[in-house]
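Let me put the structure up and then walk you through a few spots.

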Amino acid sequence: MNETMMISEITTRSPFKDFFDVNPVVLGAIEDDMRRYGFEESSPIRLWEQGNVVIDGHTRLQAAKNIGLKEVS
């Protein structure tokens, strides 16, 4: 099981957030999936430990924020 973290403690910044655009179609599909099944722990958001910066999982993080989740893994 992955460690959970409050979304409010997670940040995004360049260059990581600039690698891939958040695709609205994919974002919508992930939001629907999260509403139905919750956050999928087998696809964690990867963080750079210095500053809790997202290095992988920007779309998953945005989907979690959009549906009102307070924490993710």
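I'll go through the aromatic rings, then the pockets, the salt bridges, and one end of the chain.

Quick housekeeping: this is a predicted model, so local features need pLDDT of at least 70 and side-chain atom pairs count only at pLDDT 80 or more, while totals for chains, interfaces and linings use all residues. Residues are numbered from 1 along each chain as its sequence is written, and side-chain values use heavy atoms, with hydrogens and water left out.

Rings to begin with. Searching the whole structure turns up two aromatic pairs. To pair, rings of Phe, Tyr and Trp (its six-membered ring) need centres within 6.5 Å; planes under 30 degrees apart are stacked, over 60 edge-to-face, and the rest tilted. Phe16 and Phe19 are edge-to-face, at 6.2 Å centre to centre with 80° between the planes. Phe16 also pairs edge-to-face with Trp48, at 5.8 Å and 65°. Phe16 sits in the loop between strand S1 (5-6) and helix H1 (24-37), and Trp48 is in strand S2 (residues 46-48), so this pair ties together parts 32 residues apart in sequence. Helices (H or I, at least four residues) and strands (E, at least two) are DSSP runs, by the way, numbered from the N terminus. Ring pairs link Phe16, Phe19 and Trp48 into a cluster.

How exposed are they? Phe19 is exposed at 53% relative accessible area, and Trp48 is partly exposed at 35%. The cut-offs: buried is under 20%, exposed over 50%, partly exposed in between, with a 1.4 Å probe and protein chains only.

Now, pockets. Points join across faces, edges and corners, and volume is the space filled by probe spheres set on them. The largest pocket comes to about 210 Å³. Eleven residues line it, and Glu3, Met5, Ile45, Leu47 and Ser73 lie nearest its centre.

Which brings me to salt bridges, meaning a side-chain nitrogen of Lys or Arg within 4 Å of a carboxyl oxygen of Asp or Glu. There are two in the structure. Asp56 and Arg60 make one, at 3.6 Å, N to O. Asp56 is partly exposed, at 40%, while Arg60 is among the buried residues of helix H2 (residues 58-66). Asp32 and Arg35 make a bridge at 3.1 Å. Those two both lie in helix H1, three residues apart, about one turn of the helix. Asp32 is partly exposed at 45%, and Arg35 is exposed at 52%.

Last stop: Thr4, in the segment before S1. What does Thr4 touch, leaving aside neighbours within four places in sequence? Glu71, Val72 and Ser73, where contact means heavy atoms within 4.5 Å. Thr4 and Ser73 are 69 residues apart in sequence but 4.2 Å apart in space, C-alpha to C-alpha.

That's my tour; happy to take questions.

Conventions. 1 Å grid on protein atoms, 1.4 Å probe; cavity = no way out; pocket = protein on both sides within 12 Å on 5 of 7 lines; lining within 4 Å.
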